[in-house]
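Here is a short briefing to read beside your model. Keep the viewer open and look up the residues as they come along.

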Amino acid sequence: MTDGRDHQSNPPEFRRGQRNSLSVALSRLRYDPVLFVPFLLVGLLLAVVDWLHRRDPIPTLERTGLGTDGVNIQIEYVGYPTGIGQTLRPLESLIGLEPHYLG
Amino acid sequence: MPSRRRLLAGVGVGAVGIAGGTSVLDVEFAADTVSASTSGETDWPMARYDPSGTGYNPSATGPEDGVEVAWQQDTESNMYGLSAPILVGETLYAVGQQSLVAFERDTGEIRFTRDGQYWSSPARAPARAYRSDTLAVCGREGLYGLSAGGGYEVLGRSIGTERWHSPGQESQRWSSSSPREQSPVTADETVYGIVPNTDRVVALDASSGRVRWERTVGDERSTGSNRPAVRDGVVYVSSYPGDVVAFDAETGDVHWSAKPDPGEETPMTYYEFHPPTATDEGLVVPYRTGVVLLDPADGSVLWEYTHDGNATDGSAAVADGTVFVTDGEESLHAIDLERGEREWTAEYVPDTDPVVADGIVYLGYQFPELVAIDAETGERRWRYEEATYFTQPIVGDGVLYVLTDDGLLALEEAE
């Protein structure tokens, strides 16, 4: 019916393993603090992306409130959903052109 | 414009590709000869027939007293959607959820199928730089210019189909519902359309996709601009938040911008406008519970007709001095264009865009019923129910064409 003893005996081993891994990791970081740098950079990048999302969750134009009509600032972020700024013409658009437009 | 070097490189690549394709690959050649010269009086070259959006071709005729199937062409991909087909010369074009399909007008035989995420009815525009017309269509990421000839298909991939892709907004949204964006309209060699998910109207060159002008309708934070209507060198755009703007078709200059006040007698704070129809008398703009006629000179309200329905969709057809509009609850209304007075009403539930030809009003919707109603009397002429649902129909030379869930259906007068 019950196997409670098995369950009671497993967690200490797990916790012990986890404590070992954590302590090893922490000691390595203490020994070589430069290892923090990539984590710090990724953290900062994600923080910036989060800040951008919070600042403008839907990429629309916003008024900034200078005067009654306001001044509109449009910012496009690399790696952030943006519009296509100009008409794109693929290479295949050359097919079917009247010959004198190729010159 | 591409540099000369890139141009020459492109020509070389294109020539090699085509030459290689013709010799060793399975190449499907579509007829690349569809041009303005093959167009006729019974064409239906864009969603609402003409740039004014009348939904009425004075030269077209359709089935009058009863219908039978002239032909039906099922397609591989689902033609699920609300966008009407168009008719140019001997070719019908239809947009499905994943493709553009061209059909023979007389037989329904498929001329070509090209993959693409296009979400509106196409609109045909002459393109002087090309041997064939341009089809302007709105997709999920902007407006596209496609070859009316279809280009070529090499090993299942389209080449020479897309000519340009205009400014648009990247979209990550996915929808299981019908693909739908505001259909562009064309006048001469210019394409007028609404950039998807924005309230920006653009005028594009049909050959190159070059932006001639781009303007915002109403408040810059608003969305919900409707399909434009173009008449006498003016582009009219209405929006769901109640704005109507008249732009110079050539320059994009604003002639006027109006936001009519519904008045204190109604709980509305603004008109929830649908797409406009431009006429000699003025601009016919339906809204949820009625229709207004606006002065084309300044946007002021000339008359208002209230039907107290609940139309969340649909524009007006205008033919021979009568406005036809659905109320979304129970009726199709025929309204005198000059005075704004009711001529008759006929029982019809959905809110949709009526089309008119030769004294008959045709109505189709995502509803298992296609209906023809006499434009003079409001009497129901016939009803066709042999499909799960229909798009808006179009009418040609005695034949009505409509997309169903299976493909394209041509109906003619029953013998």
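B:Asp308 is exposed, with a relative accessible area of 59%; exposed means over 50% relative accessible area, buried under 20% and partly exposed in between, with a 1.4 Å probe and protein chains only. B:Asp308 sits in the loop between strand S24 (301-306) and strand S25 (317-319) of chain B. Helices (H or I, at least four residues) and strands (E, at least two) are DSSP runs, numbered from the N terminus.

This is a predicted model, in which local features need pLDDT of at least 70 and side-chain atom pairs count only at pLDDT 80 or more, while totals for chains, interfaces and linings use all residues. Residues are numbered from 1 along each chain as its sequence is written, chains are lettered from A and ligands numbered from 1 in the order in which they are written, and side-chain values use heavy atoms, with hydrogens and water left out.

**Surface patches**

- Patches are made of residues with over 30% relative accessible area and no salt bridge, where like charges are joined within 9 Å and nonpolar side chains (Val, Leu, Ile, Met, Phe, Trp, Tyr) within 5 Å.
- Over on chain A, a nonpolar surface patch consists of A:Val34, A:Val37, A:Leu40, A:Leu41 and A:Leu44, which together have about 480 Å² of accessible area.

**Chain A as a whole**

- Chain A has two helices and zero strands.
- Of the 103 residues in chain A, 13% are buried.
- Chain A has an accessible surface of about 8,800 Å², and carbon and sulfur atoms account for 62% of that surface. Such areas come from the Shrake-Rupley method with a 1.4 Å probe, and for residues only the protein chains shown count as cover.

**Salt bridges**

- Side chains of opposite charge can pair when their charged atoms come close.
- Over all chains, the structure holds 16 salt bridges, each being a side-chain nitrogen of Lys or Arg within 4 Å of a carboxyl oxygen of Asp or Glu.
- One of them joins B:Asp205 and B:Arg128 at 3.8 Å, N to O. B:Asp205 lies in strand S15 (residues 200-205) of chain B and B:Arg128 in the loop between strand S7 (123-125) and strand S8 (134-139) of chain B, so this pair ties together parts that are 77 residues apart in sequence.
- B:Asp205 also bridges to B:Arg212, with 2.7 Å between the closest N and O atoms.
- Shared partners link B:Arg128, B:Glu189, B:Asp205 and B:Arg212 into one salt-bridge network.

**Aromatic pairs**

- There are twelve aromatic pairs over all chains. Rings of Phe, Tyr and Trp (its six-membered ring) pair if their centres lie within 6.5 Å; planes under 30 degrees apart count as stacked, over 60 as edge-to-face and the rest as tilted.
- B:Trp213 and B:Phe247 make a tilted pair, because their ring centres are 5.6 Å apart and their planes stand at 35 degrees.
- This pair links distant parts of the chain, with B:Trp213 in strand S16 (residues 211-216) of chain B and B:Phe247 in strand S19 (residues 244-248) of chain B, 34 residues apart.
- Both B:Trp213 and B:Phe247 are buried.
- B:Tyr271 and B:Phe273 are stacked, because their ring centres lie 5.2 Å apart with the planes at 15 degrees. B:Tyr271 is buried at 1% relative accessible area, and B:Phe273 is buried at 1%.
- B:Tyr192, B:Trp213 and B:Phe247 are linked by ring pairs into a cluster.

**Positive phi values**

- B:Tyr49 is not a glycine, yet its phi is positive at about 75 degrees. B:Tyr49 lies in the loop between strand S1 (27-29) and strand S2 (67-74) of chain B and is buried, at 17% relative accessibility.
- B:Asp232, also a residue other than glycine, has a positive phi near 50 degrees. B:Asp232 is in the loop between strand S17 (229-231) and strand S18 (234-238) of chain B and is exposed, at 71% relative accessibility.
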